[in-house]
Amino acid sequence: MKIAVAKGDGIGPEIMSAVLKIFDANKVPLEYEMVDMGKWVFDKGFSNGMTPEAQQTIERLGVLFKGPMETPKGKGVKSVNVTARKTWNTYANKRVFQTLHGVDTVFSKAGIPIDITVVRENIEDTYGGIEHMLTQDVALSRRFITRPGSLQVIRYAFEMARQKKARRITCSHKANIMKITDGLFLDCFYEVAKEYPELKADDVIVDDLCMKLVTRPDTFDVVVLTNLQGDIVSDLCAGLVGGLGFAPSANIGDHICIFEAVHGTAPDIAGKNIANPTALLLSGFAMLRHLGLTENAAVIENALLYTLEQGVHTGDFGDKSKPSLNTTEFADAIISNFGKTPQLNAKQLIPNKPGTPTPLKLERNTMLVTKEVENEKIIGVDMFIESNEQPDAIAKKCQRHAGVKFNLINISNRGTQVWPTGSVYTNLVNQYNVRFESIDTYPLNQQDVIGLYVSLSGDFKIPSLELLNMWGDKKSYSSAAGQ
């Protein structure tokens, strides 16, 4: 069985060599095809951080095992890590955070065990990186949350929770504020929950989750979140168990999966052979189990846990009264403990049932579209205009352009209504949202909206607009604060 391997930047080659040495010592039945990815590939002019040959190899083999990678700063390029996840639709980012005996934290010292699995949506949200300057003072980032994308990651989370016999699965969100985007994600969560009646499913607002994680992390089991919130919460959880050096990461897709260390490249210690390979090794266990190599994974993981219990450590953690080992020595210590069993959290030896990571050969892009159950109609438009004028002056101009099909409903600035009612104590920027709705919510077409745009553009620059849609009797757009 063959997989693609990218060593990474900084300390990447050192920790990858240590992990592959451990795998080879355990006779893991894998072959490795090295691929070119990372900062040095950016520097050669490849804007996605990988060579075409690397992309072809990964798509042919279906599994990528990668070290940490750096994205050049200030060159207008996208993160190679995010690009890889999005290109291959690895929609679920799974990170397991467990107490490791020998890695002291405030919780381990208090005798509070942690076993949290964070499942983060991996494709959408603000990580689309779709941003524009609307005026010289106003930047816009578009946040996409889709029903098909949400269902994909949430269904994966429920399946994984069922397989691990989880006691609880929690959706964390900010639907109290972002009622449409996070509200859609939360609706999908409870839609899928109906298919898994044996699992306790609940939800918690993300800021409340963060507070509870740092006070009672043992009360959580599986947590599923949107992309940006999941990114933040997963790093918070890493801090609960000792840091990113003990945080594995698996990016799961239907055809291609990526297993990686999510910590940095640590250029300050690169080449010194002192980096901690534990996070990459833990990610490797997830990869081995994904490939059906369950016995190899259990033997090596038990050896790692036993090694940690003995107080063996690299320089970044552990009992400072005991000498630390370098990267190679730490790997050798794990190898010497093959066959030994840790006192805590020993892994069951399940015989290997290796499959093949080779993905289906796709001829076209997959379209993710759900069935529209109610009729859609356009009932208005939000025109985002640039202006330094006061709200009343803007309203008078806009009303002249409304014509016989539109009413001027309200004007807002940074999401706060400033006309027809508002306060002079509301600070303004030079970008307003002017909302027009059709008279008596009569259905409009795009030509009606374009006509309004052309007319309004005689008085204002209009950097952006959004249609106001309804499905059935439900308005599918937000209100301004104070509206």
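This is a predicted model: local features need pLDDT of at least 70, side-chain atom pairs count only at pLDDT 80 or more; totals for chains, interfaces and linings use all residues.
Reader: Why is the pair of Phe23 and Phe65 called stacked?

Author: Rings of Phe, Tyr and Trp (its six-membered ring) pair if their centres lie within 6.5 Å; planes under 30 degrees apart count as stacked, over 60 as edge-to-face and the rest as tilted. The structure holds six aromatic pairs. In the pair of Phe23 and Phe65 the centres are 6.2 Å apart and the planes stand at 15°, so this pair is stacked. The pair links distant parts of the chain, since Phe23 belongs to helix H1 (residues 12-25) and Phe65 to strand E3 (residues 63-66), 42 residues apart. Both Phe23 and Phe65 are buried.

Reader: What makes the pair of Phe189 and Tyr190 edge-to-face?

Author: The ring centres of Phe189 and Tyr190 lie 5.1 Å apart and the planes are at 80°, so the pair is edge-to-face. Phe189 and Tyr190 also belong to one aromatic cluster with Phe158 and Tyr196.

Reader: Is Phe189 buried or exposed, and how is Tyr190 classed?

Author: Buried means under 20% relative accessible area, exposed over 50%, and partly exposed in between (1.4 Å probe, protein chains only). Phe189 has a relative accessible area of 0% and is therefore buried. Tyr190, at 31% relative accessibility, counts as partly exposed. Of the 483 residues of the protein, 48% count as buried.

Reader: Why is Arg85 called buried, and which residues is Arg85 in contact with?

Author: Arg85, found in helix H4, has a relative accessible area of 9% and is therefore buried. Contact means heavy atoms within 4.5 Å. Leaving aside neighbours within four places in sequence, the contacts of Arg85 are Thr90, Arg120, Asn122, Ile123, Asn251, Ile258 and Glu260.

Reader: What is the strand order of the sheet with 10 strands, and why do E2 and E9 count as its edges?

Author: The order in this open sheet is E2-E1-E3-E12-E11-E4-E5-E10-E8-E9, with mixed pairing. Strand E2 (31-34) and strand E9 (200-205) each have a single partner strand, so one side of each is left without a neighbour in the sheet. Two strands pair if DSSP finds at least two bridges between them. Strand E11 (residues 248-252) and strand E12 (residues 257-261) run antiparallel and are joined by four bridges; Pro248 has Ala261 in E12 as its bridge partner.

Reader: Which helix lies across E13, E14, E16 and E17, and in what order do the six strands of the open sheet stand?

Author: The six strands follow the order E15-E14-E16-E13-E17-E18, and their pairing is antiparallel. Strand E13 (residues 376-386) and strand E17 (residues 461-471) pair over nine bridges. Helix H14 (residues 446-456) lies across E13, E14, E16 and E17, at about 15° to E13. Axes are lines fitted to C-alpha atoms, for helices over the stretch in contact, and angles run from 0 to 180 degrees between N-to-C directions.

Reader: What makes a set of residues a nonpolar core, and which residues touch the most other members of the largest one?

Author: A nonpolar core is a set of buried Ala, Val, Leu, Ile, Met, Phe, Trp, Tyr and Cys residues joined through side-chain atoms within 4.5 Å. The largest has 70 residues, of which Phe23, Phe65 and Met287 touch the most other members. Helix H6 (residues 147-163) gives the largest share of this core, eight residues. A second, separate core of 22 residues includes Ile378, Leu452, Leu456 and Ile462.

Terms used: Residues are numbered from 1 along each chain as its sequence is written. Side-chain values use heavy atoms; hydrogens and water are left out. Helices (H or I, at least four residues) and strands (E, at least two) are DSSP runs, numbered from the N terminus.
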